[in-house]
Amino acid sequence: MEAKFRRYKPGDEEGIVELMKTCFRTFNSWKLSVMDWIGYEGDDDGFSRENALVAEIDGEIIGHVQLMHRRIRIGKSIIDCGGIANVSTHPKHRMKGIATKLMQMALDICQEKGWQISSLFTGYGSDGYRVYRKIGYANTTFIHEYVGTCENVDNALKIMRRHNRNGISEMGEEDLNAVMKIHDEYGRKISGYCQRSEEYWRRKIMNKTYYQSFFYEGRDAGIRIVSEDDEVNGYALAFNTLKASRSQWTDRVGIVMELGAIEGRNLCNLLNGILNKMRKEGIKIFRLRIPMHEELNEALNHFEPINGAIYMDYIVNQKKLFEAMKGELEERIIEKCGELDYEISIGSPYGCTKLEISGGDINVAEGKAKNHIQVTNDGITKLIYGVKGFKEMLNESKYIIRIEADGEAIKIFEAIFPKRIFQISPIDEW
Ligand SMILES: CC(C)(COP(=O)(O)OP(=O)(O)OC[C@H]1O[C@@H](n2cnc3c(N)ncnc32)[C@H](O)[C@@H]1OP(=O)(O)O)[C@@H](O)C(=O)NCCC(=O)NCCS
């Protein structure tokens, strides 16, 4: 019998949850319930039942993809992302194109909604990875983390003690506004940070301890601190798995999920504060999901860097993506090149986009200019987030297919595509 593909309708939740538990060991051991699935809508405004897609045979749900909405920050600009989650096909119905069809439906919905990009996390080379790759998703970056035991932490703490300059205290309700502002400001320096509503902060971070997609624990499992001099100048969030009651963590793991400060010099103080607290709570294995900032170099060198999941992107509408990034790109050009009149274009498997630069403004159009670069899908998504800068990419042959550009245009490409820090908080992971 042929499968029917459609969007969620009331009553599907049981079949969806059952299928997710069959396909993902993690959801099964966490005992994902229908209440969790429905309740997620209240906690995360990026999740909506309407965006659950299903494949059905004979009234039974045998395939599912969840489309999530995230507003991802790239400098001062924000792009709308259709996050792909929970891709699952019942074992009896695999290898027949079910997941591929559901993914294509998800991309059509992104197109309809005007979301410029679709992104996901997966294991490199996994069954899912191969499906996404065939559809055209690009390899943007691996998700990095640092790991260490008490030995690493104590060595790092010795170094950071020297920098310790101001007070660390527990983050309270009264600090939330200041912390939200810091997250916003800090997020401008990082590609991948997501814009959050106050409600999102309250529900996912203050009242519960969400640590990835649906997975959460009680408020107590979270460690939340702020640093302050006259006022709050930074915050850090961690998850203590020793206090987890729903999930099974066999080791004494603690995860630093976020650090944020307006001034880099406060980051060290915050890392010092949160690691100290985790150490006191009896954590033995430390996982740090934070980027390598220059200011943290010395401390992080005491940990081991490891690669986790791969983050993949599909550009749904390249012209719209550049339109959304216009403000940020204009600022980059003015800063590095000053005001100028020039036309450049960028071609990729997702489209060909012309940037007509006039003074400090950019007009985004479709088509090719005299000064043109042609890049692969992996190349364009790395450039968009700054996982690789254009300058760096010039020295590697695998991302740039063709360059037809004079010296001035090369300088503009270097200005609009600098290397940046990429980081997505596990709390926002879908
Ligand atoms: C990953 C998963 C969703 C794939 O589902 P699926 O419906 O089997 O996927 P598809 O049928 O679209 O594609 C799977 C393979 O079948 C092939 N295929 C697609 N249509 C086909 C057809 N009509 N006939 C034969 N083969 C076909 C695909 O090319 C792909 O081949 P590959 O594995 O050699 O690369 C499924 O294996 C699953 O649920 N796994 C557990 C959960 C999981 O890991 N999810 C992904 C998390 S990121």
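Where does methionine 95 lie? In this predicted model, methionine 95 belongs to the loop between strand 4 and helix 4, and Met95 is also among the closest of the 20 residues that surround the ligand.

**Around the ligand**

- The shell around the ligand holds 20 residues, and the closest are Thr89, Met95, Gly97, Thr100 and Lys134.
- Threonine 100 brings a polar side-chain atom to 2.5 Å from an oxygen atom of the ligand.
- Arginine 130 uses its side chain, with an N or O atom 2.9 Å from an oxygen atom of the ligand.
- On its own, the ligand has 940 Å² of accessible area, and the protein covers 71% of that.
- Strand 4 (77-89), helix 4 (98-113), strand 5 (117-122) and helix 5 (127-135) are the elements that give two or more residues to this shell.
- Helix 5 gives the most, with 6 residues.
- Sorted by class, the shell has 9 nonpolar, 6 polar and 5 charged residues.

**Aromatic pairs**

- A pair of aromatic rings is described by two values, the distance of the centres and the angle of the planes.
- Searching the whole structure turns up 31 aromatic pairs.
- One of them joins tyrosine 40 and phenylalanine 47 in a tilted arrangement, at 5.1 Å centre to centre and with 50 degrees between the planes.
- Tyrosine 40 and phenylalanine 47 are both buried.
- Tryptophan 201 and tyrosine 235 form an edge-to-face pair, because their planes stand at 75 degrees, over the 60 that this class requires; their ring centres are 5.9 Å apart.
- This pair ties together parts that are 34 residues apart in sequence, because tryptophan 201 lies in helix 8 (residues 198-206) and tyrosine 235 in strand 12 (residues 232-240).
- Tryptophan 201 has a relative accessible area of 1%, so it is buried.
- Tyrosine 235, at 0%, is buried as well.

**Lysines over rings**

- Lysine 204 places its charged end over the ring of tyrosine 210, at 5.0 Å from the ring centre.
- Lysine 208 lies over the face of tyrosine 216, 4.5 Å from the centre of that ring.

- Lysine 31 is not a glycine, yet its phi is positive, at about 60 degrees.
- To find lysine 31, look in the loop between helix 2 (25-30) and helix 3 (34-43).
- Lysine 31 counts as exposed, because its relative accessibility is 57% and the cut-off is over 50%.
- Methionine 95, the residue from the opening question, also has a positive phi, near 65 degrees, in a residue other than glycine.

**A contact across the sequence**

- Asparagine 139 is part of strand 6 (residues 138-149).
- Its relative accessibility is 11%, so asparagine 139 counts as buried, the cut-off being under 20%.
- Between asparagine 139 and isoleucine 380 there are 241 residues of sequence separation, while their C-alpha atoms are 10.0 Å apart in space.

Definitions and conventions. Residues are numbered from 1 along each chain as its sequence is written. This is a predicted model: local features need pLDDT of at least 70, side-chain atom pairs count only at pLDDT 80 or more; totals for chains, interfaces and linings use all residues. Side-chain values use heavy atoms; hydrogens and water are left out. A residue is near a molecule or strand if one of its heavy atoms lies within 4 Å of it. A polar contact is a pair of N or O atoms within 3.5 Å; within protein, one must be able to donate a hydrogen and the other to accept it, and residues adjacent in sequence count only if both atoms are side-chain atoms. Accessible areas come from the Shrake-Rupley method with a 1.4 Å probe; for residues, only the protein chains shown count as cover. Helices (H or I, at least four residues) and strands (E, at least two) are DSSP runs, numbered from the N terminus. Ala, Val, Leu, Ile, Met, Phe, Trp, Tyr, Cys and Pro count as nonpolar, Asp, Glu, Lys and Arg as charged, and the others, Gly among them, as polar. Rings of Phe, Tyr and Trp (its six-membered ring) pair if their centres lie within 6.5 Å; planes under 30 degrees apart count as stacked, over 60 as edge-to-face and the rest as tilted. Buried means under 20% relative accessible area, exposed over 50%, partly exposed in between (1.4 Å probe, protein chains only). A charge sits over a ring if NZ of Lys or CZ of Arg is within 6 Å of the ring centre and within 35 degrees of the ring normal.
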